[in-house]
Amino acid sequence: MSTTVGEEAATTMEASTTDSTITVGKAIAQTVQFIISSTTSKPSASFSTASTTISTETTAAATTAASSAATTTTTTTSGTEKLSVNDLSSALQYFGIVDYIVFIAMLVVCALIGFYFGFIEKKQKKQKGQAPTDDKDGAGGVGNEERRGSEALDYLVGGRKMKVFPVSLSLVASFVSGISLLGTSTEIYVYGTQYAFILITLAISGLISWYIFLPVFCNLQLTSSYEYFEMRFNQTVRVVASSLFTITTLIWLPIVIYVPALAFNQVTGINVHIVTPVVCIVCIFYTTVGGLKAVVWTDVIQTMVMVGAVIFVVIKGTMNVGGLGVVIQRNWESGRLEWPELTLDPKVRMSFFSVFFTYTFYGVYNLGCNQIITQRYMSLPGVKEMKKASALFVGGYILLSGICLYNGLLLFARYYDCDPLTTKLAKAKDQLVPLLVMDTLSMIPGLPGVFVAGVFSAALSSLSTGLNSLAAVFLEDYIKPLCRKPLTERQTAITMRLCTVIIGTASVALVFVVERMGTHVMQLSMTLSSLAQGPLFALFCIGLLCPRLNAKSALVGAFCSFVFMTWLCLNAQMAINSGELHYETKPTSVEGCQYHFELPPVTPANATITEPASLSIFQEIYHISFMCYTFFSSAVGVISAYLSGFVFGFREHEDIDVELLAPCVRRFYRTKYTSVQLDDTRLKSVIQKS
């Protein structure tokens with residue numbers, strides 16, 4: 001991008017070419033120092049679009065630096081200096097002492113909570129005689145009084161004595177990860193508001209999951225929701241389901257870790273692979289030591305920090321651009337305020353079909369079948385508390401997601417005439433929100449630290465939840481079935497904590513893989529997670545909604561679904577990387593930029609995209625929107641299972657246990673033994689109460 005240089009400035013440059021390297025260094029330092037100090041003293045100053053006016057001495061010195069050091073700044077005829085994008089980016093990476101203190105304080109508080117539940121509370125229980133003994137933890141019905149107080153139950157589900165409010169906040173914190181805080185806002189900035197309509201879908205998904213899936217798991221009181229598959233089918237199906245969940249979570253956790261590291265890199269300049277292990281060590285510590293109680297209570301603190309940070313950014317950012325009316329107007333003029341496209345074509349990225357129908361299946365799985373959420377519900381003492389927690393969780397999740405979506409509108413309103421992605425001020429799409437934070441809050445000491453702490457809080461809550469859930473699955477589904485003798489309490493404690501450490505270490509290592517995937521995190525997360533979520537959701541649908549299908553049919557369905565999704569995800573990712581598969585982005589502008597940058601040779605505005613004359617049948621399939629992946633994958637699984645039923649046979653009505661079916665299906669499969677089963681259920685409840 002060219003700039004005009006006045007005669008006066010040119011004379012200064014020529015006269016200064018013989019200055020020493022020391023003068024150059026001092027000039028650059030003075031320039032950057034001025035930017036930071038001017039921003040701190042003037043809240044209305046704006047980094048990215050407003051030019052910085054510098055005194056005559058500073059201008060001359062900076063011009064000298066530009067001439068001698070081969071140029072990072074240029075000067076206009078009015079005597080105001082235009083910084084290069086590299087200098088501006090460096091100036092934005094200002095993370096003060098107060099910010100570091102705030103960020104470190106969050107980590108220290110989390111570690112202290114883990115220390116309290118891991119050591120102090122346990123010591124208090126021992127003194128009161130409430131600590132678990134070293135008796136062998138049998139594999140009897142979970143929820144019986146003899147298992148209350150056991151090491152596994154206390155570590156994995158908090159002894160089933162947790163309160164509704166902290167569990168609700170923990171659920172919100174677990175699902176509103178850094179992927180949501182950064183990725184959702186980026187989605188709106190890049191593609192428009194079509195994705196925002198998932199808020200309606202989330203409410204529908206919450207209702208479906210509660211009335212169809214969750215009642216079964218709540219009544220069975222299982223530590224691992226995959227124990228259900230052994231009761232419904234056999235141990236093989238249980239192991240397959242647990243393996244799919246393990247794959248899903250191991251794919252998801254590195255993305256969760258990578259997102260806040262990007263934010264930290266944007267505001268501090270510290271390498272992603274330095275901050276990631278440091279922060280994760282803290283998370284692994286309090287999750288390993290404190291178990292579910294530490295996870296839930298750190299989630300409470302982290303949720304408050306996260307919500308406070310987002311609200312600060314939204315309020316101050318809205319005020320800076322001129323109010324809500326300006327935000328709406330600029331987004332309306334750019335065409336970002338729009339409905340999902342009215343079409344049933346699954347290849348359309350955001351359509352009514354994908355947003356309101358297929359995304360519902362993705363939401364139902366995550367809100368009703370995911371081990372991460374069912375384990376939290378199982379930590380509550382009864383069904384009444386579970387209902388309250390579910391309502392609070394879904395409501396809080398929708399509210400916080402709505403704030404993140406609005407933040408995307410605010411992003412465009414702020415950078416409507418100077419796109420940071422085109423100028424490379426933001427080097428990755430998911431660094432847009434941290435850029436807005438430094439632009440908006442950097443003049444107030446500590447607030448950038450609050451935001452970074454909020455993003456890391458979201459990530460740490462999701463990471464700790466994932467680690468704790470995977471520890472439950474490893475213990476209940478992999479280790480206990482292989483043990484000839486029941487594990488003692490001490491063996492159980494060591495096993496669970498060792499699993500947590502190993503899984504956490506593996507997740508940190510996988511960040512290197514995520515970094516090279518080449519798409520923005522929200523789409524990447526949904527795409528890769530669907531690889532195992534689709535087959536897993538198919539298994540839950542077969543078990544709860546298809547009573548006559550047996551174990552062999554279920555395994556065939558899961559296998560077909562997994563093969564289909566593996567082929568689909570691999571081909572789709574290769575198509576994205578090669579440019580074969582692309583999605584149209586919303587228009588951006590750089591006309592208002594007041595800093596110097598180089599335009600890339602090809603931008604979304606001038607790129608020539610040639611569509612193939614026609615797509616092959618295979619391209620038609622792997623070009624479908626990532627919003628549809630879970631639906632099509634689970635549909636392939638259920639259909640394959642039904643077709644295989646004609647080979648492996650169907651179950652007889654009298655062999656069906658209605659207690660393992662969804663409530664909406666039970667009425668069609670009541671048998672002549674129903675009264676006996678009801679009496680048996682009543683007898684069990686009486687025994688438990690007594």
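**View 1. The loop holding lysine 424.** Lysine 424 is situated in the loop that runs between helix 17 (420–423) and helix 18 (432–441); helices (H or I, at least four residues) and strands (E, at least two) are DSSP runs, numbered from the N terminus. The model shown is predicted: local features need pLDDT of at least 70, side-chain atom pairs count only at pLDDT 80 or more, and totals for chains, interfaces and linings use all residues. Residues are numbered from 1 along each chain as its sequence is written, and side-chain values use heavy atoms, with hydrogens and water left out. With a relative accessible area of 46%, lysine 424 is partly exposed; buried means under 20% relative accessible area, exposed over 50%, and partly exposed in between (1.4 Å probe, protein chains only). Phi of lysine 424 is near 70°, a positive value in a residue other than glycine. Most residues other than glycine have a negative phi.

**View 2. The protein as a whole.** The secondary structure comprises 27 helices and two strands. Of the 690 residues, 58% count as buried. Among contacts with a separation of 6 or more, residues 24 or more positions apart account for 84%; contact means heavy atoms within 4.5 Å.

**View 3. The packing of helix 19 and helix 20.** Two packed helices are described by the angle between their axes and the distance between the axes. Helix 19 (residues 447–482) and helix 20 (residues 489–509) pack at about 125°, and their axes are 9 Å apart. Axes are lines fitted to C-alpha atoms, for helices over the stretch in contact, and angles run from 0 to 180 degrees between N-to-C directions. Helix 19 and helix 20 are therefore oblique to each other; angles under 35 degrees count as roughly parallel, over 145 as roughly antiparallel, 65 to 115 as roughly perpendicular and the rest as oblique. In helix 19, Leu467, Leu470, Ala471, Phe474, Leu475 and Ile479 meet Thr492, Thr495, Met496, Cys499, Thr500, Ile503 and Gly504 of helix 20. The residues of this contact divide into nine nonpolar, four polar and no charged. In this scheme Ala, Val, Leu, Ile, Met, Phe, Trp, Tyr, Cys and Pro count as nonpolar, Asp, Glu, Lys and Arg as charged, and the others, Gly among them, as polar.

**View 4. Isoleucine 502 in helix 20.** Isoleucine 502 belongs to helix 20 and, at 52% relative accessibility, counts as exposed. Isoleucine 502 and isoleucine 284 are 218 residues apart in sequence and 9.5 Å apart in space, C-alpha to C-alpha.

**View 5. Helix 9 against helix 15.** The axes of helix 9 (residues 198–220) and helix 15 come within 10 Å and cross at roughly 50°. These two helices are therefore oblique to each other. Leu214, Phe217 and Cys218 of helix 9 make the contact with Thr374, Tyr377 and Met378 of helix 15. By class, this contact has five nonpolar, one polar and no charged residues.

**View 6. Threonine 374 in helix 15.** Threonine 374 is found in helix 15 and counts as buried, at 4% relative accessibility. Leaving aside neighbours within four places in sequence, threonine 374 is in contact with Leu214, Phe217, Ser225, Gly368 and Cys369.

**View 7. Asparagine 370 between two helices.** Asparagine 370 occupies the loop between helix 14 (352–369) and helix 15 (371–378). At 6% relative accessibility, asparagine 370 counts as buried. Not counting residues up to four places away in sequence, asparagine 370 touches Phe175, Phe245 and Tyr365.
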